[in-house]
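User: I have a model open and want to go through it piece by piece. Can you take some questions?

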Amino acid sequence: MNIVKSLFAAGLLALAPTVAVSHQALAQDAAPVAAAPAESAAAPAEATNAAAPAAEEKVAAPERMKPTLGIGMPMPGEYKIQEQFSPTGRQAVWIHNDLLLPIITVISLFVLGLMLYIMVRFRRAANPVPSKTAHNTLIEIIWTVVPVLILVAIAVPSISLIAEQYKPAPKDAVTVKITGYQWYWGYEFPDQGIPEFVSNILPPEKALENGEPNLLAVDNRLVLPVGRPIKLIITGADVIHSFAVPSLWFKLDAVPGRLNERAITIEKPGVYYGQCSELCGIKHGFMPIAIEARPEAEWEQWVRSQGGDPKGKGGAEATTAAAPAPAAPAKI
Ligand SMILES: [Cu+2]
């Protein structure tokens, strides 16, 4: 009899916590449990309804832009800087073509002329007894001051160009995170909520079929708005790469563990090609860059087609909003 009593008591003891917990659980969940059937019944209907319009409303991406021959790409036999489509690019080309080249040409011709004059005028036959002049204060002042003035004339616009190139992006800039991989590029629009997508080189036959330059054409282009500041944040995932697009006057290293940043504004719609410009491994020459610059409305359409929100600061706000949430359990 004692054994039966003990077994019964043990059974009660064993079941007690389960019963208590289940009562507690029932008490706590009473309302949700009651509401649950209605919700669960409604849920599939809602899900179906939500899925159907989403499929219908899915925005189609704008048609792939055709590149213009000679624009945003190198041409055979070309020796000049590519035509520029950004304010800093035009400023840089002005410095190169209208300031540096004339100064270099004048100095080279002047030195060449001086040498020819000396070779003729002071040759042994014409000048058998050479002058022993060692110093001439006036000439020494001139050949010190004139080069200083020339260097200052070059320094003023070139330093202002450097400052312009690295000016921080304004608040309304579109942010793109660019990551260099061996051997392709990853693009992400954190504010628009577009997760990283990968951009790979197109095979030659596909590039030809598209009417695009071989070794520069890619499958997924980086689509950007025209006339709006764009903040490019660049990093590398494995080794150092370099994100370079000559016609947009852009080159910035993609260094693992570091975020390099530069702002850019593209002035005209078009396809602008570039390449990785840092020796990064065996397929370094096969990780091209293609930027498709579109008018704002078309860019917004593209963002929607990727499931993003063109106006959204989603990424930044979501991160800030989500930040206090993990802090809540710490208070308990
Ligand atoms: Cu690379």
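User: Which strand does Leu 232 lie in?
Analyst: Leu 232 lies in strand β5, residues 230-236. Strands here are DSSP runs of E with at least two residues, helices are runs of H or I with at least four residues, and both are numbered from the N terminus. This is a predicted model: local features need pLDDT of at least 70, side-chain atom pairs count only at pLDDT 80 or more, and totals for chains, interfaces and linings use all residues. Residues are numbered from 1 along each chain as its sequence is written.

User: Is Leu 232 buried or exposed?
Analyst: Leu 232 counts as buried because it has 23 C-beta neighbours inside 10 Å. A residue is buried if 20 or more other C-beta atoms lie within 10 Å of its own, exposed if 12 or fewer, and partly exposed in between, with C-beta atoms placed from the backbone.

User: What is Leu 232 in contact with, leaving aside neighbours within four places in sequence?
Analyst: Val 176, Ile 178, Glu 261, Arg 262 and Ile 264. Contact requires C-beta atoms, placed from the backbone, within 7 Å. As for C-alpha atoms, those of Leu 232 and Thr 175 are separated by 6.0 Å, and the two residues are 57 apart along the chain.

User: Ile 178 then. What does Ile 178 contact, with the neighbours within four places left out?
Analyst: Trp 185, Tyr 187, Leu 232, Ile 233, Ile 234, Phe 243 and Ala 254. Ile 178 is also among the residues that touch the most other members of the largest nonpolar core.

User: How many residues are in that largest nonpolar core, and which others touch the most members?
Analyst: The core has 44 residues, and Val 176, Leu 224, Leu 248, Tyr 272, Ala 290 and Ile 291 are listed along with Ile 178. A nonpolar core is a set of buried Ala, Val, Leu, Ile, Met, Phe, Trp, Tyr and Cys residues joined through C-beta atoms within 7 Å.

User: What about the whole protein, how many residues and what share is buried?
Analyst: There are 332 residues, of which 22% count as buried. The protein has 7 helices and 10 strands. Of the contacts with a separation of 6 or more, 69% are between residues 24 or more positions apart.

User: Switching to helices. At what angle do α2 and α3 pack?
Analyst: About 165 degrees, with the axes 10 Å apart; α2 covers residues 87-121 and α3 covers residues 137-165. Axes are lines fitted to C-alpha atoms, for helices over the stretch in contact, and angles run from 0 to 180 degrees between N-to-C directions.

User: Which residues in α2 and α3 meet?
Analyst: On α2, Thr 88, Gln 91, Ala 92, Ile 95, Leu 99, Leu 100 and Ile 103; on α3, Ile 150, Ile 154, Pro 157, Ser 158, Leu 161, Glu 164 and Gln 165.

Key: Contact = placed C-beta atoms within 7 Å.
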